[in-house]
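Here are my notes on this model. Please read them with the structure open beside you.

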Amino acid sequence: MTLAAAAKNEDRPSTPDRPSAIEIDALGKVYQSSGSLITALRSVTLGVRRGEFVSLLGPSGCGKTTLLRIVANLEAPTSGRVRLSGRGLDGLGFVFQRDVLLNWRNIIDNVLLPIEFKGKKRKAYRDRARELLVTFGLEGFEDKRPWELSGGMRQRAAICRALIDDPELLLMDEPFGALDALTRDELNVELQDLWQRSNKTAMFVTHSITEAVFLSDRVAVISDKPGRIVELMEVDFPRPRSLDIREEAKFAAYSRHLRDVLERHGAFRKR
Amino acid sequence: MAARNKGFRVPSEILTLIGLLVLWQAVVSIFHVRDYLVPGVNVVVDEIVNHPQFYFAETIYTLSNTLAAFAIAVIFGVGLAAAIVYSRFLDKTLYAVLIALNNVPKVALAPLFVIWLGTGSASKIAMGVMISIFAIVIDAVLGLRSLTPDMIDLGRSMRGSGFKMLFKLRLPNALPSIIAGMKVAMSLSLVGSIVGEFVAAQNGLGFVILSAQGVFDTNRVFAAILLLALTGTALFYAMEYLERLLIPWHESQRNRSATPVVVMPSPSA
């Protein structure tokens with residue numbers, strides 16, 4: 001399916017009782033580290049509705065990445081379970097913190113990698129790969145090697161790779177964490193536009209309050225040791241959102257609230 | 001690097017070699033070194049030019065044994081490495097045996113190969129494989145194991161088979177290591193086939209050296225050594241070329257010009 005077709009097919013109900021895409025049920029994860037047990041996650045329960053954008057916000061090392069990795073089946077939980085609707089794990093695209101582009105492939109071949117992994121015909125996806133690269137401003141870079149691109153462009157290519165097989169779920173683990181502020185803003189807008197047009201369910205890990213509020217329908221705040229959801233906040237801004245909304249009083253209020261929650265759970269050092 | 005100067009370009013390696021030959025000839029001439037100790041360059045070149053078919057045939061014999069040994073070592077070496085990386089059992093057993101075997105002076109095994117395989121090509125090829133395969137196995141194991149956790153996650157998130165994981169991620173990622181092993185193995189294959197010829201043979205540059213030494217034909221010894229040096233150098237550059245062809249993406253190959261060059265002033269300048 002092309003992006004344009006995806007946009008046309010879009011019928012995102014505005015009611016909150018949409019069918020759920022991800023159901024996380026009493027999830028727990030305990031690590032053993034040099035003899036002692038560390039509880040990374042404790043009874044995390046969260047339902048993500050189809051087409052929803054949910055951010056997991058929390059301090060470094062709070063287990064938000066672990067949660068995302070368990071949803072993607074990259075790690076096994078110690079207790080509880082995750083249910084994915086639709087194509088399940090096959091309908092999942094993952095964007096990593098580091099872009100993990102392969103140096104021995106040019107950009108378009110990197111984008112087509114999931115197609116080869118799934119044993120599908122590359123030819124049928126070449127046009128879609130080109131279209132994705134154009135959408136993310138990478139026109140003309142198809143034949144370049146990853147090291148010839150800037151950090152922001154590399155992460156754009158990594159997002160294209162995650163989207164090539166038209167996943168239902170897009171899981172992102174601090175994808176913009178290593179980028180400069182301006183590139184980050186730009187990518188936030190691009191990601192929002194793409195998500196809105198393509199009717200995907202998104203789970204986004206970040207430690208940036210601004211990013212979480214700007215992008216999300218709901219923000220789940222995860223506390224440190226043990227990691228659990230201490231707050232689930234709806235963000236009520238019309239879409240598409242422009243970067244200007246960050247100056248609005250409502251945006252500041254959302255941010256303030258999230259900061260309060262994080263502070264209450266000891267995310268910031270006492271002065 | 002674009003050529004700004006339109007002068008005639010000579011690779012600096014060739015200039016260095018010519019310089020060495022000139023030095024050799026100069027030392028022999030100035031100190032009147034006797035031919036049966038160290039012949040002059042001209043004498044050695046004359047020796048080769050006067051027996052072209054003989055030297056060509058002997059060089060081809062040694063070269064083909066070397067290439068056969070190299071090919072076998074690469075195929076089996078990479079195969080063994082993959083088996084070792086994928087099997088805990090083989091890792092614990094075979095890898096340990098290989099490491100132990102590698103510490104046996106392999107030259108000491110050459111007489112055994114003659115007993116088992118005769119005095120023909122087979123024993124030379126076996127010797128070449130024996131000496132060179134370890135470099136490939138050890139480097140290939142290292143390369144195949146160096147898949148980063150990020151790449152493993154990427155592979156798992158794409159839900160491909162183990163087969164895809166091997167051919168699309170693990171093997172290409174290991175290629176720089178494997179090629180490093182191949183470069184070493186190429187030289188060692190040549191060493192192996194010469195050692196084989198030293199023990200028992202009727203052909204090859206190693207055999208020429210040994211039989212000429214028996215009759216104090218120093219010219220012939222030097223001629224064979226010169227041809228061996230040229231063969232070894234050609235093989236080395238062939239590997240460099242292969243490296244540039246196979247891993248142009250590797251850090252070591254980026255922005256690399258074909259060969260360092262010395263620009264000679266153009267005649268018109």
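1. Buried residues make up 43% of the 271 residues in chain A. A residue is buried if 20 or more other C-beta atoms lie within 10 Å of its own, exposed if 12 or fewer, and partly exposed in between, with C-beta atoms placed from the backbone. This is a predicted model: local features need pLDDT of at least 70, side-chain atom pairs count only at pLDDT 80 or more, and totals for chains, interfaces and linings use all residues. Residues are numbered from 1 along each chain as its sequence is written, while chains are lettered from A and ligands numbered from 1 in the order in which they are written.

2. Chain A has 9 helices and 9 strands. These are DSSP runs numbered from the N terminus: helices are H or I with at least four residues, strands are E with at least two. The radius of gyration of chain A is 19 Å, close to the 18 Å from the globule rule for 271 residues, so chain A is as compact as a globular protein of that length. That radius is taken over C-alpha atoms, and the rule is 2.2 Å times the number of residues to the power 0.38.

3. Chain A is assigned two domains: domain 1 (21-86 + 168-271) and domain 2 (101-167). The bounds come from an automatic or database domain assignment. Taken over C-alpha atoms, the domain centres are 25 Å apart.

4. How many residues of domain 1 of chain A are in contact with domain 2 of chain A? The number is 12, and they meet 9 residues of domain 2. Contact means that the C-beta atoms of two residues, placed from the backbone, lie within 7 Å. On the domain 1 side, α7(A) gives the most, with 4 residues. By class, that side has 8 nonpolar, 1 polar and 3 charged residues. Ala, Val, Leu, Ile, Met, Phe, Trp, Tyr, Cys and Pro count as nonpolar, Asp, Glu, Lys and Arg as charged, and the others, Gly among them, as polar.

5. Now the chain contact. It takes 13 residues from chain B and 16 residues from chain A. On the chain B side, α8(B) has the largest share, 6 residues. That side holds 5 nonpolar, 2 polar and 6 charged residues.

6. Check the backbone too. A cis peptide bond joins A:R239 and A:P240, with omega about -5 degrees. B:R159 is not a glycine, yet has a positive phi of about 55 degrees. B:R159 lies in the loop between α8 and α9 of chain B.
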